[in-house]
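Please keep the sequence and the coordinates at hand while reading.

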Amino acid sequence: MTTPNDPTVSDLVCARCDVPLEMGKVNASYLGQVFPVDLPRCPSCGFVYVSEELAYGRMLNVEQALEDK
Amino acid sequence: MDMPDSRLFLGETQSVCPECLKTIPARRFAEGDTVFLEKVCPDHGRFSAPVWRGLSSYLLWAEARRAEARPLLTATEVKDGCPHDCGLCPGHRQQSCCVLLEVTSRCDIACPVCFANAGRHGRDASLEEISGWLDTLAAAGGPVHIQLSGGEPTTRDDLADIVRLVRAKGFGFVQVNTNGLRIARDPNYLQGLVEAGLDCIFLQFDGVDDGVYRALRGVPLMKMKARAIANCREAGVGVVLVPTLVPGVNSRQIGAIVDFAIDNMPAVRAVHFQPVSYFGRVPHEPTDEMRITLPEVMEALVDYSKGSIGIPDFNPGSAENPFCSFSGRFFVAADRTLSADGEAPASCCGVPAGAGEDTAVAPAHQESKCCGGHTATEGSCCDANTHERKGECCGGEEQRKSGGETCCKESVEHENEPRHASCCGSAKASADVARAQRYVSGQWTRPSPSAGPSDGLEAFDAFLARRERRALGLSGMAFQDAWTLDIERLRQCHIHVVSPDNRVIPFCAFNLTDRNGRSLYRPSGG
């Protein structure tokens, strides 16, 4: 899931809680569809990190597929 | 409006006289379950034609949002009024979505029904001419889809060079509209097209037996159609089956055509039904019984599904006038049952400016904003008051719903405005057209081989794979002829043709002929 330019999960720290993010199950939902996926999240506040590669890659493809008529 | 008691008045518009093509007032009305377009020419009398058989779906379609946008570039002035000033003119109300290039007027069969009036002898456009057309489209500013058409484009040995030229000029999607004979006989020719960048074969496919082809095309073609599809499967290019539906000839084969499509998935990506229109080579004035309308096609599809899908599972045209089309994407189960994909239609946000951005997900590297993002919690990120199209000229949901007032009180107010101008400032690319293009390219293109497994993101991959491999597009488009032409619809047309003199002309205007075969725009005179 990561690319050479992406930080590893252990590098990510929640700016609000100042604790390292951990991989965890997240329900990503959009336009009524729910996708259980594993993403880095803050164990304290639940804040989720989405990498740029994912946001502009598969996640965008899924969003556009849902938005299309 | 004075109407007999048995008629339900539905609206006024304009049309043309089928005899002289003069623009005349027209009105829509329902009688029983059928919607008619009626008009009276002061010189040639009254004309009436059924345009929609199914009042309940008509009222449903009438509620659809009217997507409108100013052309980014116009080439003609408003002088004689629609449909006599096409080029596009400043009165047009939608940008180009798919543009047809008629690369030849030659054809290798002589169909009794042919809107292009093609024959065995004709002329090929030169590569220089085609290059000029593409430059015109590029200058008009839109990343349009290109359909190479004719005549029969595969009569040209250099068609791959044309596909390559289209690609080289930056157009993102190119399809070839063909009867399939050449690609059935010559898989190497097809492979050359694919290697040049072809995305899709738009295959004339009227039915599943030779009786249909003998009636409509004059020759038995079924084996050749099957071979063409097999070659497309081998070459890895998507196929859209395109039946021209003619009552009494193949209108009872709608289900059989879908069956054939399912048998040939995923190479066959969609079936795009086109009820017959009467322009070009038409021997007699059409009677009501010679027409089939879009809701009848939808009903036949619902019947085929044995009720597993319904009319509400189809969507009205979202970038063109709603009454010009229907479309639906359906999943095909292992037992061949069709089901609506269960995914919400485009409602909020249209085309996202970015992705994965959301207040709930909040990627660390990007600014949060509404629209285009997933949420990690329940609900949508999008608030009903936040629409990216807000403020768009005549196109925003807030500005025009069915019959509602737009930012422009009367469309005619635009007609003498300077080119490139919009009532609300500069014209901009239509989000509706972009979305329609993305839908077409996404569904009609053969999927690439699946990517490998991705840890933790299998839910995304499974969703995308299901759409690519098990989804079948079922759609229909109603072209308008001199009897059915509704100028309100024509002004929103987004399927255009580049004429030999570099004008961009809405498809139905380009092919419009009077009852004697005289054409407004087609060089051969129809």
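## Chain A

In chain A, among the contacts (heavy atoms within 4.5 Å) with a separation of 6 or more, 36% are between residues 24 or more positions apart. Chain A has 69 residues, of which 48% count as buried, where buried means under 20% relative accessible area, exposed over 50% and partly exposed in between, computed with a 1.4 Å probe on protein chains only.

Two helices and two strands make up the secondary structure of chain A, and along the sequence they follow the pattern β-β-α-α; helices (H or I, at least four residues) and strands (E, at least two) are DSSP runs numbered from the N terminus.

## Basis of the values

The model is predicted, so local features need pLDDT of at least 70 and side-chain atom pairs count only at pLDDT 80 or more, whereas totals for chains, interfaces and linings use all residues. Residues are numbered from 1 along each chain as its sequence is written, chains are lettered from A and ligands numbered from 1 in the order in which they are written, and side-chain values use heavy atoms, with hydrogens and water left out.

## The sheet of chain B

In chain B, four strands form an open antiparallel sheet in the order β1-β2-β3-β4, two strands being paired if DSSP finds at least two bridges between them. Its edge strands, each pairing on one side only, are β1 (7-16) and β4 (45-53) of chain B, and the twist from one strand to the next averages 25°, with axes fitted as lines to C-alpha atoms (for helices over the stretch in contact) and angles running from 0 to 180 degrees between N-to-C directions.

Helix α1 (residues 55-62) of chain B packs on this sheet, touching β1, β2, β3 (34-41) and β4 of chain B, and its direction makes about 85° with that of β4(B). Between β1(B) and the antiparallel strand β2 (residues 23-31) of chain B there are nine bridges, and Leu8(B) stands opposite Ala30(B) in β2(B).

## Helix α11 of chain B

Helix α11 (residues 458-470) of chain B has 13 residues and should span 18 Å at 1.5 Å a residue, which agrees with the 17 Å between its end C-alpha atoms; the expected span is 1.5 Å times one less than the number of residues.

The buried residues of α11(B) are Phe460(B), Phe463(B), Leu464(B) and Arg467(B). Seen down the axis of α11(B), these buried residues fall within an arc of 90°, so they line one face of the helix, the arc being that of the directions from the helix axis to the C-beta atoms.
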